[in-house]
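The structure is shown first.

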Amino acid sequence: MALIIFTLRLAIGILLFPMFLLNLLGLWNQICKKWFPYFLRRFTVMYNEQMASKKRELFSNLPEFAGPSGKLSLLEVGCGTGANFKFYPAGCRVTCIDPNPNFEKFLIKSVAENRHLQFERFVVAAGENMQQVADGSMDVVVCTLVLCSVQNQEQILQEVCRVLRPRKMSSDNQWSADGEESPLSRLIRKSRDSPFVPVGIAGFMTVVSYGLYTLKYRRDQKMSIHLIHMRVAAQGCVVGAVTLGVLYSMYKDYIRPRFFNVSKK
């Protein structure tokens, strides 16, 4: 066993020796920066195919954060090849930041493919130090698949807060752009997202109410048997609604986007 482990370690060391040598000479980082955009370009195509519906949902409310001029100033930190461009609203003014300057030519190509955007500039900088972006100059900051690889998450979030435009209070003492959601609005939104939940609750309450109403008309039937029948029927409504909700979610998240993409092609 020791011989096998030694052989495997030796083989891995031989395979990785060129990387160690390049890193020792200070060339490995430059090679990665040069070739990583080509890999990411191919990866984002597959990633967007799988996440298109979710990205449309996440970015659907971006126009609500537009500034007083009606234009939306958006800063994307760790922009990469511009994979999110096609999901941004029309007329959006986009500023991109990335520490790798080799992404610029891919961004230019993405801008050419998304004419509905207004591309402002590309800043070569790390997210922890965005001094080239003025304080309070952005309405929205987008950061996807980036925070897992930054050196200091707290510092980058402080920079995000610095560049965001302060939101003013409205006359009714609520935030004009991001006010707290009322319980009724939250209930309506959750019911719209999961329509079979209220259906299951309504079915449960209907069965229980009907069972209690007919309790005095059970004649010779024992009360325990009547309550068991009522419980089984009520639980059946809930289980049926949950099953339909799961099937609907599978259709909405997996089946419908796939057929939509196929038909679009």
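## Cysteines

C161 is exposed, at a relative accessible area of 58%, while C143 is partly exposed at 31%. The classes are set by relative accessible area with a 1.4 Å probe and protein chains only: buried is under 20%, exposed is over 50%, and partly exposed is in between. This is a predicted model, in which local features need pLDDT of at least 70, side-chain atom pairs count only at pLDDT 80 or more, and totals for chains, interfaces and linings use all residues. Residues are numbered from 1 along each chain as its sequence is written, and side-chain values use heavy atoms, with hydrogens and water left out.

The structure has zero disulfides, a disulfide being a pair of cysteine sulfur atoms within 2.5 Å. For C143, the nearest cysteine sulfur belongs to C148 and is 8.8 Å away.

## Chain layout

The chain contains seven helices and four strands, in the sequence order α-α-β-β-α-β-β-α-α-α-α. Helices (H or I, at least four residues) and strands (E, at least two) are DSSP runs, numbered from the N terminus.

Of the 265 residues in the chain, 28% are buried. Among contacts (heavy atoms within 4.5 Å) with a separation of 6 or more, 69% join residues 24 or more positions apart.

## Nonpolar cores

A nonpolar core is a set of buried Ala, Val, Leu, Ile, Met, Phe, Trp, Tyr and Cys residues joined through side-chain atoms within 4.5 Å. The largest one has 21 residues, and the members touching the most others are L62, L74, F85, Y88, V94, C96 and V140. Two or more residues each come from α2 (28-58), β2 (93-98), α3 (104-113) and β4 (140-142). A second, separate core has 12 residues, including L75, V77, I97 and V133.

Not counting residues up to four places away in sequence, L62 touches L72, L74, Y88, P89 and V140.

## Second largest pocket

The pocket search uses a 1 Å grid over the protein atoms alone and a 1.4 Å probe; a pocket is an open set of points with protein on both sides within 12 Å along at least five of seven lines, and lining residues have an atom within 4 Å of a point. Grid points are joined across faces, edges and corners, and a volume is the space filled by probe spheres set on the points.

The second largest pocket has a volume of about 710 Å³. Its lining comprises 31 residues, with G78, D98, L145, V146 and S149 nearest the centre. At least two lining residues come from each of α2, β1 (73-77) and β2; α2 gives the most, with seven.

## Loop residues

D139 sits in the loop between β3 (118-124) and β4 and is buried, with a relative accessible area of 7%. Its side chain reaches the backbone nitrogen of G67 at 3.4 Å. This is a polar contact, meaning a pair of N or O atoms within 3.5 Å; within protein, one must be able to donate a hydrogen and the other to accept it, and residues adjacent in sequence count only if both atoms are side-chain atoms. Beyond neighbours within four places in sequence, D139 is in contact with F65, A66, G67, K71, L72, S73, L164, R165 and R167.

T214 lies in the loop between α6 (196-213) and α7 (223-264). T214 is buried at 15% relative accessibility, and its side chain reaches the backbone oxygen of G211 at 3.3 Å. Q221 is also placed between α6 and α7, but is partly exposed at 29%. Not counting residues up to four places away in sequence, Q221 touches H226 and H229.
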